[in-house]
Amino acid sequence: MARRRIAASAGQSALAAMASGNGERADRATAVRYALEELGARAPGNSVEVRVPPLGVVQCIEGPRHTRGTPPNVVETDADTWLSLVTGGLSWTDAVAAGRVSASGQRADLSDVLPLFAAELP
């Protein structure tokens, strides 16, 4: 399970600030990191590495464990795209088709686990 560093209240507050359009740089960083932690908690495992440079990374999804070098299953995107994906503002399919997400590897499809927070945000 992913180790929690951001309190749920702080993460939800940052997500809400970003969703309302009033978020600042610190809110963006907190929201991204919180969403990565949440993904690791809801889809535990080590077969896919999700990267949102330079803000964070998490390993998730059950399957073969990766131990050295570049993982065979990698998802990478920017902060705004990640937040849109986790809140339901953008679908996985649309993000990949538009080139807003780089997903390589057999297990690098997150459509079954996203969005994470759509029902929870105002």
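Is Asn-73 buried or exposed? I looked this up before anything else. Asn-73 has 7% relative accessibility and therefore counts as buried (under 20% relative accessible area is buried, over 50% exposed and in between partly exposed, with a 1.4 Å probe and protein chains only).

**Entry 1. Basis of the notes**

I note that this is a predicted model, in which local features need pLDDT of at least 70 and side-chain atom pairs count only at pLDDT 80 or more, while totals for chains, interfaces and linings use all residues. Residues are numbered from 1 along each chain as its sequence is written, and side-chain values use heavy atoms, with hydrogens and water left out.

**Entry 2. Surroundings of Asn-73**

I located Asn-73 in the loop between strand S2 (56-60) and strand S3 (74-77). Helices (H or I, at least four residues) and strands (E, at least two) are DSSP runs, numbered from the N terminus. I then listed the contacts of Asn-73, leaving aside neighbours within four places in sequence: Ser-47, Val-48, Glu-49, Ser-104, Gly-105, Gln-106, Arg-107 and Ala-108 (contact means heavy atoms within 4.5 Å). With Gln-106 I found a polar contact, in which the side chain of Asn-73 reaches the backbone nitrogen of Gln-106 at 3.0 Å. A polar contact is a pair of N or O atoms within 3.5 Å; within protein, one must be able to donate a hydrogen and the other to accept it, and residues adjacent in sequence count only if both atoms are side-chain atoms.

**Entry 3. The largest nonpolar core**

I looked up which residues of the largest nonpolar core touch the most other members. Of its 34 residues, these are Leu-39, Val-50, Trp-82 and Leu-110. A nonpolar core is a set of buried Ala, Val, Leu, Ile, Met, Phe, Trp, Tyr and Cys residues joined through side-chain atoms within 4.5 Å. Two or more residues of this core come from each of helix H1 (8-20), helix H2 (25-42), strand S1 (48-52), S2, helix H3 (79-87) and helix H4 (92-97). H2 gives the most, with seven residues.

Ile-61 is buried, with a relative accessible area of 17%, and has a positive phi of about 65° although it is not a glycine.

**Entry 4. H1 against H2**

I found H1 and H2 packed at an angle of about 120°, with their axes 8 Å apart. Axes are lines fitted to C-alpha atoms, for helices over the stretch in contact, and angles run from 0 to 180 degrees between N-to-C directions. The two helices, H1 and H2, are therefore oblique to each other (angles under 35 degrees count as roughly parallel, over 145 as roughly antiparallel, 65 to 115 as roughly perpendicular and the rest as oblique). On the H1 side the contact includes Ala-8, Gly-11, Leu-15 and Met-18, and on the H2 side it includes Asp-27, Ala-31 and Tyr-34.

I also examined the loop between H1 and H2, where Asn-22 is found. Beyond neighbours within four places in sequence, Ala-17 is in contact with Asn-22, Gly-23 and Asp-27. The C-alpha atoms of Ala-17 and Asp-27 are separated by 6.9 Å, with the two residues 10 apart along the chain.

**Entry 5. H3**

I read that the axes of H2 and H3 come within 10 Å and cross at roughly 50°; H2 and H3 are therefore oblique to each other. Among the residues that meet here are Val-32, Leu-36 and Leu-39 in H2 and Trp-82, Leu-83 and Val-86 in H3.

In H3 I noted Ala-79, Thr-81, Trp-82, Leu-83, Leu-85 and Val-86 as buried. The buried residues of H3 pack against H1, H2, S1, S3, H4 and S4. At the start of H3, a side-chain oxygen of Asp-78 reaches to within 3.1 Å of the backbone nitrogen of Asp-80. Just after H3, Gly-88 takes a positive phi of about 85°.

**Entry 6. Cis peptide bonds**

I recorded a cis peptide bond from Pro-53 to Pro-54, with omega near -5°; Pro-54 is in the loop between S1 and S2. A cis peptide bond also joins Leu-114 and Pro-115, where omega is about 0°. Pro-115 lies in the segment after strand S4 (101-104).
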